[in-house]
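Here is a walk through one protein chain, taken step by step. Keep the sequence and the 3D view side by side as you read.

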Amino acid sequence: ETAALQVSISLNKVELSVGESKFFICTAIGEPVRLDWYNPQGERIVPSKRMALHTETSRSRLIIYNAIIEDAGIYRCQATDASGHTEEASVVLEIYQRLTFRDVQSPQEFRHGETAEVVCDVISSPVPVVVWYYQDREITEEHHSRFQVLPNNNLQIHQVTKADEGVYRCEASVEARGEIDFVDIAVVVNVPPVLSVFQQSFNATADYQESVTFTCITSGSPDPLVTWHRKGQQLEPSEQHVFNRLEGGRSMLTIRNIRQGDGGTYTCKATNKAGSQERELFLKVFVQPHITQLKNVTAVEGSAAMISCVAEGEPLPDISWRRASDGQTFVDGDKSQDGRFEVRGRHGKSVLTISGVKLTDLGRFDCEALSRIGGHQKSMFLDIEYIPKFLTNHTIYYSWEGNPVNISCDVMSNPPATMLWRRERFTISAEGTANTRVHSAEGKSVLEVTPMSDRDFGRYNCTARNNIGVRYQEFILAQADVPSNPYSVRLSAVSQRLATVTFMKPDSHGGVPISYYLVQYKEVGSQEWRDVKSHSVQTTVVLTGLEPNTTYEVRVAAVNGKGQGEFSHTETFQTLPIREPSPPAVHGQRGMGKAYRLGLVKQDDGGMPIVEYIVKYKTDKEEQWMTKLVPGANDFAMLQPLQWNTRYEVEITARNVKGLSEPTFYQFFMPQKPDITGKSMKQENLFLLMPPLSLYFPASA
């Protein structure tokens, strides 16, 4: 007989913590044919990843890996023998959750002023008791009004501040098992940035290498990041944009080498985890005036000219005009007295309008752009085009057969005119003809005509043409004549050998200039006229080499290119007879040592050469005259030896063959005798600087 079946399990009640593993051994006595395990739901256990079975004939091992709450319950081991009889044993498996903190973050960050919830996710079975500590003190609602432990064990802090920062301890315990654990959580409170600026707006002038520094003062936690923005773009460090940070949360942006385009709004932005704030700063850039457009203008005489000047700058400059010819200035709204000049301007543009343009308007005009920070000036030139104008009223020319004449047609025009000559409807070509040639220069055309017969005299037409218009001028080539007679022949300054002839020029020069005058003279009774030509066209001629005490006849004719004209009336005159000379003129100066030099200047010699000068001299104390004879060809007399420190009187007489002149009186003074020392030499030199004491008494006076 077989032994009765008996089944036993190694353990009968087991407590297992979630996640732990256990095994159970089921042993059968007798002759079992099979051993089976059943789970708490009554299902036969099939081996799996978490539940393993190792079965031998009378022994079976069940392993539960990584237990979960759902594994709890009664497990049965059943043995079956050959006759189908079964016996079983059971084991109770209790599963509990150990105290576990699930993924608790530290630090936990909050924003200043919000309601913070410090998360402490802790599980256990049974449910744990959670207590919070801060700075080693338990947090209780009576002592900490803003603090509250929530049903989910989290700690809620109302209106959290920077002062609430620190380490908080979350402590959990399970009394049934005496199990206790804690976790420390760092609480960080972030403060949004606060921004302030010292100065909000700045001024600068462009293109003067000027710089401006904006300053932003920030606070916040963590320290905010400061960025600078303009026109929606973040500025990057560069040559022009320099960033600086100083303690005290000061951030600076320096804008260097300011240009016009740098003006406008800049934004300072401070950002951290808790938020961001921005402030606007303003840069006003002043720009020196600059004239960007001013062109030379060409206008047609009589029409209107418009000159425009465009300038930029900040502030926009005022524009004025200045006429260089007379310095007259014009500003916006001005009108000249004659109403021809008017200025209109707006938004950095000014237009100077000149109506009824005159040639006198030609020239430079200055445009000046002026603002309170500076000025700029530029000039333009007003050129005036006009129809040709003839410059000459000389339209009648005279010539004679075989004598070339230049007929000059002078024109002022802009642009330069082309000029043509016409003769009775025929154009004279530039090459000319047998007896005409054309010489052209700018503004001038000269027609050279060599008249060969009467046919070549008459009318010649000069035509000047430019793109403004055409003008004509008529010239007449007339036959020249010889001059008419000079008249009013007069004689003056007649002496023994000389006579001066003066006369009035003829009423008619015959159409061509007088070349010279022919003066003819002869002794009365002689048949032979002697000729004297005038110097150029002077109406005075001096006759020389005449005989004294003789009667002469004189007549005058004018000569031009055509020939010699008629003679004037004949005039007669008589030369003077020979007489005694006039007294000489005298001037004196000291000679070397005891000498005195008298200069003699011949006056009228009376018609015959002076033979000699008789010089008589004496001291003012003496009665006796000394005499010195000087040849008439000489121009001085040397008196010596003389006495020192003495006044002398002199009488000088001139003699020709006819006799003696009246005397000339003269006085001079001889100085003291000089020492041979330097001192008196100086005195003597001083004396030399004194003018000679001279008295000139002409004999006739």
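**Strands, domains and sulfur bonds**

Cys-216 and Cys-268 are both buried. The two are joined by a disulfide, with an S to S distance of 2.1 Å. Cys-216 lies in strand 20 (residues 212–221) and Cys-268 in strand 25, so the bond ties together parts that are 52 residues apart in sequence. This is a predicted model.

Stay with strand 25 for a moment. Strand 25 (residues 264–272) pairs with strand 21 (residues 225–230) over five bridges, in the antiparallel sense. Within that pairing, Trp-228 has Cys-268 as its bridge partner. Strand 25 is also joined to strand 26 (residues 275–294), by nine antiparallel bridges. There, Gly-264 stands opposite Leu-283. Strands 25 and 26 form a hairpin, with two residues between them.

How many disulfides are there in the model? The count comes to five. A disulfide is a covalent bond between the sulfur atoms of two cysteines. Number the bonded cysteines in sequence order, and the pairing reads 1-2, 3-4, 5-6, 7-8, 9-10.

Another of these bonds links Cys-120 and Cys-170, whose sulfur atoms are 1.9 Å apart. Cys-120 sits in the loop between strand 11 (116–118) and strand 12 (122–123), and Cys-170 sits in strand 17 (residues 166–174), so the pair ties together parts that are 50 residues apart in sequence. The torsion about the S-S bond is about -85 degrees, so this disulfide is left-handed. Cys-120 is buried, at 0% relative accessible area. Cys-170 is buried too, also at 0%.

Cys-409 and Cys-462 form a disulfide as well, S to S 2.1 Å. Cys-409 is in strand 36 (residues 405–414) and Cys-462 in strand 41 (residues 458–466), distant parts of the chain 53 residues apart. Here the torsion is about -80 degrees, so the bond is left-handed. Cys-409 counts as buried at 0% relative accessibility. Cys-462 counts as buried at 0%.

Now turn to the domains. UniProt, in an unreviewed entry, annotates "domain: Ig-like" at residues 5–92, 97–181, 193–282, 289–383 and 388–478. Residues 5–92 are 0% helix and 58% strand, with end C-alpha atoms 22 Å apart. Residues 97–181 are 0% helix and 44% strand, and the end C-alpha atoms there are 14 Å apart.

Cys-26 has Ser-60 as its bridge partner in strand 6.

The unreviewed UniProt entry also places "domain: Fibronectin type-III" at residues 485–578 and 580–675. Residues 485–578 are 0% helix and 51% strand, and their end C-alpha atoms lie 35 Å apart. For residues 580–675 the values are 0% helix, 52% strand and 47 Å.

Is Glu-612 buried or exposed? Glu-612 counts as buried, because its relative accessibility is 17% and the cut-off for buried is under 20%. Glu-612 is in strand 53 (residues 612–619). Its contacts include Leu-629, Pro-631 and Arg-655.

How values were computed. Residues are numbered from 1 along each chain as its sequence is written. This is a predicted model: local features need pLDDT of at least 70, side-chain atom pairs count only at pLDDT 80 or more; totals for chains, interfaces and linings use all residues. Side-chain values use heavy atoms; hydrogens and water are left out. Two strands pair if DSSP finds at least two bridges between them. Helices (H or I, at least four residues) and strands (E, at least two) are DSSP runs, numbered from the N terminus. UniProt positions are given in the numbering used here, feature names are shortened, and annotations may be inferred rather than shown by experiment. Buried means under 20% relative accessible area, exposed over 50%, partly exposed in between (1.4 Å probe, protein chains only). Contact means heavy atoms within 4.5 Å. A disulfide is a pair of cysteine sulfur atoms within 2.5 Å. Lists of a residue's contacts leave out its neighbours within four places in sequence.
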